[in-house]
Amino acid sequence: SSEHWCGMHTLQELQLPVQWTTVDYLVTDLIVDQDVLDTPRLVTYVNHHRCHAAYAYHTSPFKRALVLTIDGGGHMGQCFSVWTADILEGILEVKRPNWLIGMLFYLSDVDKIQKAALLGKADGAYAQELRKILNEASHYKNVQHFFRQHPATSRGARAAIQSVAEEYVIAAIRSVDLQRIEGITLAGGVAMNERITTAIATAFGLPVWIPAAPTDASLVFGCMWGHQ
């Protein structure tokens, strides 16, 4: 019988398609050519955001949870996914908003954004431009181009990034059925944004769980759970 392969090899060594990059997938039911490895073994690719969702759910105190995975990137440029998770039904992706929210923070100074939101008022015009780019952008390069043309150097612009991000996250949660949901948990880099997690708790009156190391540092654990 085949055995699971858990070693580290480059994409070239595995002869995998070049579009499968390490940030898109984690190695863990694709049969690898026998010429590549000594014996035929199994290599499974688990979606980056599914790994985040599995880790967030399985470390949470909830039996049934809504899980948000919000990252600067991940599977094929995906930044945002909404999942339901429970013991019987497993972890199911219910929405994948085409909003590159994570890129707003990835391309900016995260600490300055949160401080600006505490100390200053959001720039309304800049916030409107951010909404436009989130609604229209289909690739991170669109967001990158926006920040090159309109860098968030003022306190008002940075506060606008925080405000708009909170607005879109709340909108995503409102679009799903929260009946039977015991709590909300987040993973991905944006899970470390305390103002977003506080806004969620305030808006929905549900407990919010942020696991230890919600960033890519914990993906290997999510990969093991996500593959089940």
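## Helix packing: α4 against α7

Helix α4 (residues 110-119) packs against helix α7 (residues 155-174) at an angle of about 100°, and their axes lie 7 Å apart. The two helices are therefore roughly perpendicular. This is a predicted model.

Residues on both sides build the contact. From α4 come Lys 112, Ile 113, Gln 114, Ala 116, Ala 117 and Leu 119. They meet Arg 155, Arg 158, Ala 159, Ile 161 and Gln 162 of α7. An α-helix has 3.6 residues a turn, so residues three or four places apart point the same way.

## The sheet

Five strands form an open sheet in the order β7-β6-β5-β8-β9. Pairing is mixed. The edges are β7 and β9 (208-209), each of which pairs on one side only. Helix α8 (residues 194-204) packs on this sheet and touches β5 (64-70), β8 (183-187) and β9. The direction of α8 makes about 165° with that of β8.

At the β7 end sits a hairpin. It is formed by β6 and β7, with 3 residues between them. Strands β6 (residues 80-86) and β7 (residues 90-95) run antiparallel and are joined by 5 bridges. Val 82 stands opposite Lys 95 of β7. Trp 83 has Glu 93 as its bridge partner in β7.

## Ser 81

Ser 81 belongs to strand β6. Its relative accessible area is 0%, so Ser 81 is buried. The side chain of Ser 81 makes a polar contact of 2.5 Å with that of Glu 93. Glu 93 is also the bridge partner of Trp 83.

Beyond its neighbours within four places in sequence, Ser 81 touches residues from several parts of the chain. Among them are Val 67, Leu 68 and Thr 69. Glu 93, Lys 95, Arg 96 and Pro 97 are also in contact with Ser 81.

## Helix α2

Helix α2 (residues 48-58) is mostly covered, with 9 of its 11 residues buried. Asn 47 caps the N-terminal end of the helix. One of its side-chain oxygens lies 2.7 Å from the backbone nitrogen of His 49.

## Cysteines

The whole structure contains 0 disulfides. Cys 223 is in no disulfide, and its nearest cysteine sulfur, that of Cys 51, is 4.4 Å away. The cut-off for a disulfide is a sulfur pair within 2.5 Å.

Cys 223 has 4% relative accessibility and therefore counts as buried. Cys 79, at 2% relative accessibility, also counts as buried.

Most residues other than glycine have a negative phi. Two residues here are worth a look on that score.

Arg 180 is not a glycine, yet its phi is positive, at about 75°. Arg 180 lies in the loop between α7 and β8. With a relative accessible area of 59%, Arg 180 is exposed.

Ala 213 also has a positive phi, near 50°. Its place is the loop between β9 and α9 (219-226). Ala 213 is partly exposed, because its relative accessible area is 40%.

Definitions and conventions
Residues numbered from 1 in each chain as written. Predicted model: local features only at pLDDT ≥ 70, side-chain atom pairs only at ≥ 80, totals over all residues. Heavy atoms only, no water. Buried < 20%, exposed > 50% of the residue type's maximum accessible area, 1.4 Å probe, protein only. Helix = DSSP H or I, 4+ residues; strand = E, 2+ residues; numbered from the N terminus. Polar contact = N/O pair within 3.5 Å; in protein donor to acceptor, adjacent residues only side chain to side chain. Pairing = 2+ DSSP bridges. Axes fitted to C-alpha atoms, helices over the stretch in contact; angles between N-to-C directions. Parallel < 35°, antiparallel > 145°, perpendicular 65-115°, else oblique. Contact = heavy atoms within 4.5 Å.
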